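Please keep the structure in view while reading.

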Amino acid sequence: MTVKPPVPPFTRESAIQKIRGAEDAWNRQDPEQVALAYTEDSRWRNRDSFVQGREQIVEFLRSKWSKELDYHLVKELWATEGSRIAVRYCYESHDPSGQWWRSFGNEDWDFDENGLMHTRHSSINDVPIEESERVLRWESGQPRPEGHPGLTELGF
């Protein structure tokens with residue numbers, strides 16, 4: 001059985017560790033690696049998409065990152081209890097036409113005893129921005145650098 005520490009029940013510190021691990025993985029944009037953090041039968045609601053299982057997660061992420069280019073994500077703990085973590089996040093990306101977007105979201109996560117996420121609900125709002133308005137700047141495909149401001153520090 002695959003174990004993905006930290007495992008529930010989460011403390012504030014272990015929830016923050018789990019969130020940063022997810023953020024780093026999503027910023028690397030490797031769908032196959034990201035999918036390994038979820039149970040084989042994981043269920044997602046992402047905007048108006050409903051996804052189940054790792055194969056669909058990989059397909060979803062490939063499609064997402066083919067349209068959301070130069071993707072940069074920051075996540076922050078909202079609350080945690082037991083096996084659940086609530087996260088707020090912001091990411092910036094541009095579409096193939098070059099329009100930049102800042103996307104704000106909230107996620108509710110629930111984990112199994114091995115630290116694999118089995119449920120993910122995500123609600124997201126998109127705001128068009130100019131390239132000059134971007135604040136999430138680091139090398140694409142890499143984790144957010146240490147010392148880069150988080151959501152609270154950015155006023156988000």
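Is Phe156 buried, partly exposed or exposed? The model is a predicted one, and in it Phe156 is partly exposed, with a relative accessible area of 28%.

**Aromatic pairs**

A search of the whole structure finds ten aromatic pairs. One of them joins Tyr38 and Trp44, whose ring centres lie 5.1 Å apart with 65 degrees between the planes, an edge-to-face arrangement. Tyr38 counts as buried at 3% relative accessibility, and Trp44 is buried with a relative accessible area of 3%. A second pair is formed by Phe104 and Phe156: the centres of these rings are 5.4 Å apart and their planes stand at 85 degrees, so this pair is edge-to-face as well, the angle being over 60 degrees. Because Phe104 lies in strand S5 (residues 100–111) and Phe156 in the segment after helix H4 (151–154), the pair ties together parts that are 52 residues apart in sequence. Phe104 is partly exposed, with a relative accessible area of 28%.

The two pairs can be set side by side.

| Pair | Centre to centre | Angle between planes | Arrangement |
|---|---|---|---|
| Tyr38 and Trp44 | 5.1 Å | 65 degrees | edge-to-face |
| Phe104 and Phe156 | 5.4 Å | 85 degrees | edge-to-face |

Tyr38 and Trp44 also belong to one aromatic cluster, which they form with Trp26, Phe60, Trp65, Tyr71, Tyr89 and Tyr91.

**Helix H1**

Trp26 leads on to helix H1, where it is one of the buried residues. Helix H1 covers residues 12–28, and its 17 residues should span 24 Å at 1.5 Å a residue; the end C-alpha atoms are 25 Å apart, which agrees. The buried residues of H1 are Ser14, Ala15, Lys18, Ile19, Ala22, Glu23, Asp24, Trp26 and Asn27. After H1 comes Gln29, whose phi is positive, near 60 degrees.

Ala15, found in helix H1, is buried with a relative accessible area of 0%. Leaving aside neighbours within four places in sequence, Ala15 is in contact with Phe10, Leu77, Thr80 and Ile85, while Lys4, eleven residues away in sequence, is 13 Å from Ala15 in space, C-alpha to C-alpha. Asp24, also found in helix H1, counts as buried at 16% relative accessibility, because the cut-off for buried is under 20%. With residues up to four places away in sequence not counted, Asp24 touches Pro143 and Arg144. Asp24 and Val87 are 63 residues apart in sequence and 14 Å apart in space, C-alpha to C-alpha.

The residues in question are Val51, Gln52, Gly53, Ile57, Met117, His118 and Thr119.

**Pocket and cavity**

About 320 Å³ of space lies in the largest pocket. This pocket is lined by 20 residues, of which Lys4, Gly21, Ala22, Ala25 and Ala37 lie nearest its centre. H1, helix H2 (31–35) and S5 are the elements that give two or more residues to the lining of the largest pocket, and the largest share of that lining, seven residues, comes from H1.

Strand S3 (69–81), strand S4 (84–94) and strand S6 (117–129) are the elements that give two or more residues to the lining of the largest cavity, with the largest share, three residues, coming from S3.

Technical notes. Residues are numbered from 1 along each chain as its sequence is written. This is a predicted model: local features need pLDDT of at least 70, side-chain atom pairs count only at pLDDT 80 or more; totals for chains, interfaces and linings use all residues. Side-chain values use heavy atoms; hydrogens and water are left out. Rings of Phe, Tyr and Trp (its six-membered ring) pair if their centres lie within 6.5 Å; planes under 30 degrees apart count as stacked, over 60 as edge-to-face and the rest as tilted. Buried means under 20% relative accessible area, exposed over 50%, partly exposed in between (1.4 Å probe, protein chains only). Helices (H or I, at least four residues) and strands (E, at least two) are DSSP runs, numbered from the N terminus. The expected span of a helix is 1.5 Å times one less than its number of residues. Contact means heavy atoms within 4.5 Å. On a 1 Å grid over the protein atoms alone, a cavity is a set of points where a 1.4 Å probe fits but cannot get out, and a pocket is an open set with protein on both sides within 12 Å along at least five of seven lines; lining residues have an atom within 4 Å of a point. Grid points are joined across faces, edges and corners, and a volume is the space filled by probe spheres set on the points.
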